[in-house]
Amino acid sequence: MASLFLSTPTTPTSLSFTSSSIFISSHQFHTHKFKFPILPLNNNNNNNTSFSISCTASPIPVLNFSGEKVGESFLDLRSAPPSTARAVVHRAVITDLQNKRRGTASTLTRGEVRGGGRKPFPQKKTGRARRGSNRTPLRPGGGVIFGPKPRDWSVKINRKEKRLAISTAVASAAASAIVVEDFAAEFAEKPRTREFIAAMKRWGLDPKEKAMFLMTEVPENVRLSSRNIGTLKMHTPRTLNLYDILDAEKLVLTQGAVDYLNQRYGVDYLGSDDEDEEDDYEDEEEGAVGGEGPDTEDSDVVN
C-alpha cells in the first residue's frame, strides 16, 4: 500500500476512498475498501514551508493458479498530496461520468408542436377559458416548457491531472490488491467458467463481491470464462478507468500489469510526447463512443 511521508513531524491522518466519496479525518477511518494512510500538511502560518513528498511501496503477495504464495511484488505509484487528493479524484470521476452522456434528449417547444394555426374556439360566449392556440404548454399535447434539448455534456481534464487521479486511486486500492501469475495457459483448450470461479476462491476472492482484473492482454478463452460473472470486470491498460477502480472491492493484477502501472503511473514517470498523443487519441475515442472502453452499454448512458 502506497504511503506519503512529509518532512515535518505531524499527526497521522488517513485518506479513505469509497465508491462515492473521499474522506479526510483526524483519526484512522476504517472502510471496507480503499484505505490510504498519509500524513497531513502542517497547518502553521508559514505558507512558504517546503515539503518533500515521497512514495513508499508496500509488498503485494503474488499467487499462482493454485492459490499458493510464490513471491511478492511492489507498486510504487505517484499519489496526490493530501490537500488536493480528494478534489483531483472527484474531478476525474465527474469527468468520466459526464463524458458518458450522449446528450440526445430532446423535447418540442410550443413553436415546434404540430397544429395550433387557428384559435380553437371563440373568445367569448362559450364559458370556457380563453385559448389562442392548441400548442400551449397548459394543454395535453402542447409544447414543453424548459424541456431538454440536445447538448454536449463533455468536459475537459488535464492529462496529468487524470493520470494522477488514477494513480492515487490504484495506490489506495493496494491494500486489497493481489498479484496472480499468468493463467492464460490454464484456459488454452476451452473456456471454463466453473474453473475460473474456483480459481477466484483459491485467490481469496468472493464471486459475489465486485472485483476488477487488470491484465496487459485478455486472451479470448479467459474473456469467455469470466464474462458470465456479473461482479467481475476485465480491463487492459487501454480500457482502465477510474470509476471501476473505485467501484471494485478487490483488485487483481498480473505481473505485467504491475510493471505497466509502475512505469506509467510511477514516481519516476516523466512522460513523453508519444504517450501524450496516445492520451489525446483515447480522449477523442471516448467522446465518440460516449464512454470509456468498449464495454460501455446503452443502458449505462444517461441522457
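Contact, in this talk, means heavy atoms within 4.5 Å. The structure is a predicted model, in which local features need pLDDT of at least 70, side-chain atom pairs count only at pLDDT 80 or more, and totals for chains, interfaces and linings use all residues. Residues are numbered from 1 along each chain as its sequence is written, and side-chain values use heavy atoms, with hydrogens and water left out.

I'll start with Glu72. Apart from residues up to four places away in sequence, Glu72 touches Pro59, Ile60 and Val62. Take Val62: it is 10 residues from Glu72 in sequence, and the two C-alpha atoms are 5.1 Å apart in space. Glu72 belongs to strand E7, residues 69–74. Helices (H or I, at least four residues) and strands (E, at least two) are DSSP runs, numbered from the N terminus.

Is Glu72 buried, exposed or partly exposed? Buried means under 20% relative accessible area, exposed over 50%, and partly exposed in between, with a 1.4 Å probe and protein chains only. Glu72 has 45% relative accessibility, so it counts as partly exposed. Its side chain also makes a polar contact with the side chain of Lys69, at 3.5 Å. A polar contact is a pair of N or O atoms within 3.5 Å; within protein, one must be able to donate a hydrogen and the other to accept it, and residues adjacent in sequence count only if both atoms are side-chain atoms.

Strand E6, residues 59–63, pairs with E8 in the parallel sense over 2 bridges. Two strands pair if DSSP finds at least two bridges between them. E8 also pairs with strand E11, residues 250–254, again in the parallel sense, over 4 bridges. There, Ile178 stands opposite Val252.

Which residues cover the two faces of E8? Ala177 and Val179 are buried on one side, and Ile178 and Val180 are buried on the other. In a regular strand the side chains alternate between the two faces of the sheet.

Now a helix. In H3, residues 193–202, Phe196, Ala199 and Met200 are buried. Seen down the axis of H3, the buried residues fall within an arc of 105°, so they line one face. That arc is taken from the directions from the helix axis to the C-beta atoms. An α-helix has 3.6 residues a turn, so residues three or four places apart point the same way. The buried residues of H3 pack against strand E9 (211–214), helix H4 (220–226) and strand E10 (232–235). Arg194 and Lys201, on the other side of H3, are exposed. Just after H3, Gly204 has a positive phi of about 85°.

One more residue: Ser167, in helix H2, residues 159–172. Ser167 counts as buried because its relative accessibility is 2%. A polar atom of its side chain lies 2.7 Å from the backbone oxygen of Arg78.

Finally, the whole chain and its confidence. The protein chain has 7 helices and 11 strands, and 38% of its 303 residues are buried. pLDDT is the predictor's confidence in each residue, from 0 to 100. The chain averages 77, and 70% of the residues score at least 70. Over residues 1–43 the pLDDT stays under 50, and over residues 47–54 it is below 50. Where pLDDT is low, the predicted coordinates should not be read in detail.
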